[in-house]
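Have a look at the fold before reading on.

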Amino acid sequence: MHPMLTEWEGAPLHTWAAAWGVPQLLVWDRVTSTNDVLLACASEGAPVHTVVIADEQSEGRGRRGADWFSPSQGGLWLSFLACPGPESAPVLPLLSGVAAARAIEKAVSGWRGSASRVGLKWPNDLIIADRKVGGVLCEAVGGRVVIGIGINVRATVQDLPREIAGRAGAIEEFAMTPVCHSELAGALVRELAGLTETAGRMIGVTELAELRDRDVLSGRRVITEQAGEGVAIEISPEGMLLLERPDGSRVSVVAGSVRPIL
């Protein structure tokens, strides 16, 4: 792993940590993945709300081991150490998605074209104008949780691997002005701290309403790995996706992939 940086985005790391209200900020030019680094730090006693950022990930990953394209200067690759209630595992990725969506909207001064806001695709994708611009990966460690969030900021379609170029996008494709990494990171860290501190078995009323409002699958025909085909109805307070199948029955999807049927 490369040496840790002492400055980021033009200021010492302790300045950003103090501004964001976190006990520790660790930044590298390049790591395998920020989650790998923070998992190791957490196992060695890193304090809650420790933040790890990297300019580039050589082995960035998403859910179920999928590769996550994380080029230098291309996005915000950040991990955050949380200590929510032990029963909050099913809802934590969804709350983290809400945090990321809010942070992006705070960092974007205006939208262009058909883009107007950040949507969420159950359980962990950030969507703008039907393009995936980010994702969430939560991993447990010793009673705590490392929340990894990757947000494509500047990667263009030409930069993306062929297999994801048709589905992925970056914030600056839809933003009127360039996005400041430090503003985005600060907003994200503050939102994560606020939402994870109170996370429990069920999503709060306010957050659930926002989550349902941002839900890009609501009312659409989808194919799910767990329960087959149906219409996505809504997200439950427990963080499950409610699916209505062709025979009229309803089932709660708790895991696996979900893909809209065009």
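Which residue in β7 does Gly119 stand opposite? Gly119 faces Ile127. Keep in mind that this is a predicted model.

## The sheet

That pair belongs to β6 and β7 (residues 125–128), which run antiparallel and are held together over three bridges. Zooming out, there's an open, mixed sheet of seven strands, ordered β3-β4-β5-β9-β8-β7-β6. The edge strands are β3 (25–31) and β6 (119–121); each has a single partner, so one side of each has no neighbour in the sheet. On average, neighbouring strands here are turned by 20° against each other, ignoring direction.

Helix α2 (residues 34–43) packs on this sheet, touching β3, β4 (51–57), β5 (75–82), β8 (131–141) and β9 (144–152). The direction of α2 makes about 25° with that of β5.

The loop between β6 and β7 holds Pro123, and the peptide bond joining Trp122 to Pro123 is cis, with omega at about 0°.

Two non-glycine residues with positive phi are worth a click. Glu9 has phi near 50° and sits in the loop between β1 (7–8) and β2 (11–12). His49, with phi near 80°, is in the loop between α2 and β4. How do they compare with the cut-offs for burial? Glu9 has 43% relative accessibility, so it counts as partly exposed, while His49, at 13%, counts as buried.

## Salt bridges

The count comes to 14 salt bridges. In one of them, Glu191 meets Arg102 at 3.1 Å, N to O. Glu191 is in helix α4 (residues 181–197) and Arg102 in helix α3 (residues 92–107), so this pair ties together parts 89 residues apart in sequence. Both Glu191 and Arg102 are buried. They also belong to a network of salt bridges with shared partners, joining Arg102, Glu105, Lys106, Arg117, Glu191, Glu210, Asp213 and Arg214.

Asp125 is buried at 11% relative accessibility, whereas Lys132 is partly exposed at 27%.

Then there's Arg212 with Glu234, at 3.4 Å from N to O. Arg212 lies in helix α5 (residues 205–214) and Glu234 in strand β11 (residues 228–235), so the bridge links parts that are 22 residues apart in sequence. Arg212 is partly exposed at 31% relative accessibility, and Glu234 is partly exposed with a relative accessible area of 31%.

Definitions and conventions: Residues are numbered from 1 along each chain as its sequence is written. This is a predicted model: local features need pLDDT of at least 70, side-chain atom pairs count only at pLDDT 80 or more; totals for chains, interfaces and linings use all residues. Side-chain values use heavy atoms; hydrogens and water are left out. Two strands pair if DSSP finds at least two bridges between them. Helices (H or I, at least four residues) and strands (E, at least two) are DSSP runs, numbered from the N terminus. Axes are lines fitted to C-alpha atoms, for helices over the stretch in contact, and angles run from 0 to 180 degrees between N-to-C directions. Contact means heavy atoms within 4.5 Å. Buried means under 20% relative accessible area, exposed over 50%, partly exposed in between (1.4 Å probe, protein chains only). A salt bridge is a side-chain nitrogen of Lys or Arg within 4 Å of a carboxyl oxygen of Asp or Glu.
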